[in-house]
Every structure is written in C-alpha cells, then in structure tokens.
Amino acid sequence: MTDTNEMAQRCFLVTGASSGIGLAIARRLVADGHDVVGIARDFSKTAYSHERFQAVVADLADLETLPDRLQRLLADHPDISGAVLCAGRGHFGNLEEFSYAQIRELVDLNLISQIYFARALLPHFKRLECSDLVLLGSEAALSGGRKGAVYCATKFALRGLAQALREECARRGVRVTLINPGMVHTPFFDQLSFRPGGSPENFVLPEDVASAVSLVVNARPGTVYDEINLSPLKRVIDFG
Ligand SMILES: NC(=O)c1ccc[n+]([C@@H]2O[C@H](COP(=O)([O-])OP(=O)(O)OC[C@H]3O[C@@H](n4cnc5c(N)ncnc54)[C@H](OP(=O)(O)O)[C@@H]3O)[C@@H](O)[C@H]2O)c1
C-alpha cells in the first residue's frame, strides 16, 4: 500500500496568501513540510515569514499581464506540483446596483484569473506523476442567495470548472478539488455590510479550511477529494 509520505516535501502555489484563508493555507502547508510560493498584491499587512514561504507580488485582476506572469512563475519554480487558488473578493448588492465595470472586475478576479491559472499550470502538472489543483469555491457555489448574483455566478462557474477539469485531468494524475466554505472569519467582511455572528459556532476559521486543504493534498495519490463543503454549526449573520 502506498503511504502518504511519498507526497512529502512538495512546492505549492497559493494565491491570496497575504490574508485570511490563503494565508492560513500557506502556513499549514509550510507546517506540513512543504514549500509555498504565495501570491497577492500586498504582503505588508501579513505578519508571517518562514524560510519555506516566498511571497510574490502580483495583481491577478490584471488579465493582460497574467499569462506572462504565470509563465515566469513556472520558470522560476519548476518544482511546483500543487496550486491552491484562494484570491478573490466579495461584492454584494442587487444586480442593478453594480456598474458594468464592477461586474467585469469581480468576474475577472474570482473566475477568469482562476481559469488562466489552470490553463497555465495544467500542461506542467500533466507531466508529473501526481499534482493538485484546489479551487476555493463557497457555499455561494451551491445555491444562489439574495444580493449575490455576480458573486454566486463566479462561484457556480468555478464549480463547473472544477468538475470539468476533474474529468479532463484524472488520467494524467492531476487531482482537482473544490472547497466550499460557509462564512469564514476573515478580513473578507471588512468592506461588506454583513458578517458572521460573533459566536465561534457562527463561523468557520481559516485554519479549518487549511486543515481540509492539508487533507486533500496529503492524501494517498490514488485518492481524490472531489468537493468538500464546510460550514458553521449555526448560521447567524450580523448586518450593519
Ligand atoms: N470569508 C468567507 O466567508 C469565505 C467563504 C467562502 C469562500 N471564500 C472565498 O475564499 C477566498 C479567500 O477569501 P478570504 O475570506 O480569505 O478573504 P481575504 O482575507 O480578504 O483574502 C483575500 C485574498 O485575496 C487576495 N486578492 C484580492 N484581490 C487580489 C488581486 N486583484 N490580485 C491578487 N490577490 C488578490 C488578497 O490579497 P491582497 O489584497 O494583498 O491582494 C488576499 O490575500 C475568496 O475566493 C473568497 O471568495 C470566503
């Protein structure tokens, strides 16, 4: 029987690694013994450093430059065998309250940049014996909610992407996973008019999501966690 140690000491790319879920995942993967290349626009707020964590600054919403950046990233880190794509943000409201530019901005970051990452990474991953592509969906990937039209559209689409790539890539040893958290206690809500309730039973911790990612990427190579849903024990939302 194959043992999980065969998967030790890998190099992972984690987007959104300056904050919240991505940062917790980066820390957990480093603690698991892996190397991490973290991507975000601004690491000045990130109180974390480790010799096996490298921060790379990039604006993933800049789709014009993204393909070249990704090519350079792979050239600089040819040992990458897994990617956890967490960069994303929330913007909520009735659809007519969005400008066309705001719609485009959210879709570019939450969806198109993830597809570009997959496009750039998969040819490389398909040459490896085992690799992981982990996408951060949401409970908003599973059911549409009030004021969430654009956000839900991006997350539903990510679920379609994950399911299609799961089929496309399995024969080449690429494991594709979608993780769908409910409300997670992160700075995601700093600019929003709602947040999870204050009790620990009202939110998932970023470290809980990181534990799920650790389970996924450290699993026996022949096993895939297709999709993981995790949510607070009690759903309470604070408005205002
Ligand atoms: N919190 C929740 O309740 C929850 C629930 C389900 C799913 N999610 C999903 O989880 C993911 C992470 O969210 P979070 O809760 O961890 O929020 P967060 O703490 O605000 O983190 C978002 C991360 O994305 C990065 N980012 C944002 N715009 C970027 C850009 N244009 N280019 C590069 N990086 C960018 C941010 O870094 P910089 O600002 O430094 O660029 C930050 O590292 C998102 O995809 C979100 O949709 C969150």
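Helix α1 (residues 20-31) has twelve residues, which at 1.5 Å a residue should span 16 Å, and its end C-alpha atoms lie 17 Å apart, in agreement. The expected span is 1.5 Å times one less than the number of residues. Helices are DSSP runs of H or I with at least four residues, strands are runs of E with at least two, and both are numbered from the N terminus.

This is a predicted model, in which local features need pLDDT of at least 70, side-chain atom pairs count only at pLDDT 80 or more, and totals for chains, interfaces and linings use all residues. Residues are numbered from 1 along each chain as its sequence is written. The average pLDDT (the predictor's confidence in each residue, from 0 to 100) is 95, and 97% of the residues score at least 70. Over residues 1-5 the pLDDT stays under 50.

Ten of the twelve residues of α1 are buried. Buried means 20 or more other C-beta atoms within 10 Å of the residue's own, exposed means 12 or fewer, and partly exposed lies in between, with C-beta atoms placed from the backbone. The buried residues of α1 pack against β1 (11-15), β2 (35-40), β3 (53-57), β4 (80-85), β5 (131-136) and α5 (206-217). Just after the helix, glycine 33 has a positive phi of about 105 degrees.

α1 also gives the most residues, three, to the shell around the ligand. In total 26 residues surround the ligand, and Gly16, Gly20, Arg41, Gly88 and Phe188 are the closest; the criterion is a C-beta atom, placed from the backbone, within 6 Å.

The largest nonpolar core has 55 residues, and Val14 and Ile25 are among those with the most contacts inside it. Such a core is a set of buried Ala, Val, Leu, Ile, Met, Phe, Trp, Tyr and Cys residues joined through C-beta atoms within 7 Å. Beyond four places in sequence, valine 14 touches residues including Gly22, Ile25, Ala26 and Leu29; contact means C-beta atoms, placed from the backbone, within 7 Å.

Leucine 136, in strand β5, counts as buried because it has 26 C-beta neighbours inside 10 Å. Its contacts beyond four places in sequence are Ile21, Leu85, Cys86, Gly88 and Ile179. Asparagine 94, in the loop between β4 and α3 (100-125), is exposed, with 9 other C-beta atoms within 10 Å.

| Residue pair | Separation in sequence | C-alpha to C-alpha distance |
|---|---|---|
| Leucine 136 and leucine 85 | 51 residues | 6.1 Å |
| Asparagine 94 and leucine 233 | 139 residues | 28 Å |

How values were computed
Contact = placed C-beta atoms within 7 Å.
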